[in-house]
Amino acid sequence: MSENYQEMWASLGLNLEAHRGLLSVLSDAYQSIYLSQKNRPAGMGYFDFVVSEVHGLRIVELLKDKAAGKLIVGTFCVYVPEELILALDGVSIGLCAGADVGTEEAEKFIPRNTCALIKGFMGFKLAGLCPYVESADLIIGETTCDGKKKAYEIFDEITKKVYVMELPNKKSDEGRALWTNEIRRLAQKLIEVTGREITLDKLREAARVVNAKRRALQRLSDARASDPAPISGLDALLINQISFYDDPVRFTSKLNELCDELDERVAHGTGIAPKGAVRVLVSGSPMAIPNWKLHSIIESSGGIVVGEEACVGERNFRDLLDAFSTVDEALQKMADRSMGINCACFTPNDERLADIHNMSSKLHAQGVIHYALQFCTPYLVEAYRAKNSVEAAGLPYLRIETDYSLEDAGQLKTRVEAFIEMIRDVKRS
Ligand code: SF4
Ligand code: SF4
């Protein structure tokens, strides 16, 4: 990334020396994990560029938007409706963090045994390394897992920008009514902060933009059902990660261009991995950028990741926002849409087990790797039911519990290689 951004980073209060170190580590990791892949689709060039400018050009754009009166809104969860933010001339940015950064600082505020994602977003801010948090006018949290909801109290003390939505634990009639009301309360909050009104036209335009993004992500997901897979799981994961912070209209157009290329690759039988490579579905905790650890291990062990039953993945784009004819109906439909997302924070959560089955079958997965971040209680506990359900359907299952560090990478690789070998044996027999 160009050094010309020094002034901008300094004006945002970043720790310039530590930030330089972070960019250098990221660039090395990207080089060795991403740019070393062979036979990638040419359309990945745009996404490589976006990553190379993640703290540069995109921040310049956000600051321009802010100067033009737009509200920059940081979010952490796919339950927060992006359409509502866009309808009030806001820009929605995902703030989840996928790297071990500022851990020491974070552990001064939250326990050591907190998941890496929470430590990551706290650590990025505390170490002065996140231009997104610094650019945001408002940060929307939610009462999902205990770690997040308690961490938001501290995050608000530090940033003075946090607004928390109350997400129910159950999808009962009462839970749905509570969530619909929370969407209405968020709408009021955004009206208050922006001084703007919500109009039907603005909502319709926002719904069109976000639904188009979801459709493009669905195309990408559909392309991965082919054998050979036309794109690596690593690249597909990256695109899903970028979907949370790139400009949605430009992102959609570039992704559709890439999907046209993938359609051609499928038609010509061009794959990123050989036909017959072991196909794996990954299911579990979200993988925020730049968490590429598990995909990198699977794909360097001869497997190919064909889908992510996760929030950085299918849960984010599977369902579109239905048509509406009044502002209140739009808010109701937003609540209904998000209640179709099956997060382990809910109980019971049988629908997620069905999602794993449906995705495995649509994408022709030959095994499921359940991924949970260490200390992520909802997904770690739900792994038990996921295992029983996947194995009952006759698919091999592997449970991984890890964090962002590379200390266990060797051990994980051994386990993943054995899992892939076992699937190969089953296929041979
Ligand atoms: S895993 Fe749950 S809490 Fe996390 S982003 Fe997804 S829905 Fe939100
Ligand atoms: S990964 Fe798990 S523990 Fe961490 S924030 Fe998400 S749901 Fe909570």
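Helices (H or I, at least four residues) and strands (E, at least two) are DSSP runs, numbered from the N terminus. The structure is a predicted model, in which local features need pLDDT of at least 70, side-chain atom pairs count only at pLDDT 80 or more, and totals for chains, interfaces and linings use all residues. Residues are numbered from 1 along each chain as its sequence is written, chains are lettered from A and ligands numbered from 1 in the order in which they are written, and side-chain values use heavy atoms, with hydrogens and water left out.

Glu309 lies in strand β6 (residues 303-309). Its relative accessible area is 1%, so Glu309 is buried (under 20% relative accessible area; exposed is over 50% and partly exposed in between, with a 1.4 Å probe and protein chains only). Leaving aside residues up to four places away in sequence, the contacts of Glu309 (heavy atoms within 4.5 Å) include Arg315, Arg352, Asp355 and Met359.

Two packed helices are described by the angle between their axes and the distance between the axes. Axes are lines fitted to C-alpha atoms, for helices over the stretch in contact, and angles run from 0 to 180 degrees between N-to-C directions. The axes of helix α2 (residues 16-35) and helix α12 (residues 233-242) come within 10 Å and cross at roughly 130 degrees. This angle makes α2 oblique to α12 (angles under 35 degrees count as roughly parallel, over 145 as roughly antiparallel, 65 to 115 as roughly perpendicular and the rest as oblique). On the α2 side, Tyr30, Ile33 and Tyr34 meet Leu234, Asp235 and Leu238 of α12. Helix α3 (residues 44-52) packs against helix α13 (residues 248-268) at about 145 degrees, with the axes 9 Å apart. Here Met44, Tyr46 and Phe47 of α3 meet Arg250, Phe251, Lys254, Leu255 and Leu258 of α13.

The residues around ligand 1 include Cys77, Lys148, Cys311, Arg315 and Cys343.

Definitions and conventions:
A residue is near a molecule or strand if one of its heavy atoms lies within 4 Å of it.
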